[in-house]
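Visitor: Could you take me through some residues of this model, with the cut-offs behind each term?

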Amino acid sequence: MTLDSLLQIDILGILILTMILFNYKKTTKSDIFGSLFLLLLLVTMFAQIFDILSNFANGRTEWYFYIINYVSVTSIYMSNLFPTTIWLLIVIYEVRKNKNELIKIIKRIIPVFVVLCLLIISSPFTSIMFKISKSNNYERNSSFIFFTVLNITLTIVTLFYLNRDKLFLSKKQYLVLSLFAFPAVIGGAVQSVSGDYVTLWTGVSISCLILFMYIQTTLNDKDHITGLDTQCSLINNINELIADNTIFTLVIYELKDTNYTDIDKLRLFANSIKNVHPIGLIIARVNTCSFGVVTTSIDTQFVKKSFISLEQTLKENKLEIEYTTKSVLNNNQFSTYESIIESMK
């Protein structure tokens, strides 16, 4: 493949990612899904930029071209570790909606990443992953196959999680999360056969576009398990109320000893909350076992009565569910959703 063709492919990917970046906005700083998605976008964009620089510097013998080639090739190799790993993390978070569980998984992955990054950085001196000759020509060796095997393994693990937990996803979620990474997988498989093909990062760019379209079409979707609004809807509504200087009360219910597999428990509790908060502006599932209710009532007695009504409802239905509650009145002293949540800690 000629240099002109390689440049055109990389530029196409960069244009796709630039369009997404200009049109994508995270709801809050704590938007885990959004953070993972943005990380994938940025890693992919920089990988394609470094790919262009590497092709430009390859074979040129001036000392600064050696540095450009080294930095570019090592960066591209390290970037190879991200697409399927982030896909796995996105799937796990979308199913379980548990930030702490995701952090535990990331902590297990980081040591492996550190070891691989050290091997990659030292490769020009050890030739473990690739070689850069004295004439500044990049050559990959058989260790490149390791990345292909690693990505295939992560893909299989991700598909296993998806199929095992598809009960906890809507059909739209399951379909998109199953298919959005396949352009990247196919591109990586083709590129693993021959370095003459530069298809991996174009595939990742297309995957990002698919995921972006999915995010845009699910902003107003209901939670698949409980039928309540999603955390995204809750955040957007609260930020609108703050912007309009509307006084409101936010109540957070946190279930104890509950995880994402306790579907019946989550649905029963969600229905109970709807019954005792009939005038709530929005009732949403915040994460795995947390629910948020926003009401414009500023009567503290109303909130207390709601707690009592919920207890009575649970007893009448013989539901033994332990939970904690937190509430806060926003009387124009908070500027964002984040600041409200921080005040509850």
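Visitor: Which helix holds T85?
Guide: This is a predicted model, in which local features need pLDDT of at least 70, side-chain atom pairs count only at pLDDT 80 or more, and totals for chains, interfaces and linings use all residues. Residues are numbered from 1 along each chain as its sequence is written, and side-chain values use heavy atoms, with hydrogens and water left out. Helices (H or I, at least four residues) and strands (E, at least two) are DSSP runs, numbered from the N terminus. On that basis T85 lies in helix α4.

Visitor: Is T85 buried or exposed?
Guide: Buried means under 20% relative accessible area, exposed over 50%, and partly exposed in between (1.4 Å probe, protein chains only). T85 has a relative accessible area of 7%, so T85 is buried.

Visitor: Which backbone oxygen does the side chain of T85 reach?
Guide: A polar contact is a pair of N or O atoms within 3.5 Å; within protein, one must be able to donate a hydrogen and the other to accept it, and residues adjacent in sequence count only if both atoms are side-chain atoms. For the side chain of T85 the distance is 2.7 Å. The backbone oxygen belongs to L81.

Visitor: What is the side-chain partner of S290 in a polar contact?
Guide: The two side chains are joined at 3.1 Å. The partner of S290 is N287.

Visitor: What is the phi of N136?
Guide: N136 sits in the loop between β1 (130–132) and β2 (138–140), and is buried at 0% relative accessibility. N136 is not a glycine, yet its phi is positive, about 65°.

Visitor: What is the relative accessible area of D257?
Guide: D257 is in the loop between β3 (248–255) and α12 (263–276). Its phi is also positive, near 50°, in a residue other than glycine. D257 is exposed, with a relative accessible area of 72%.
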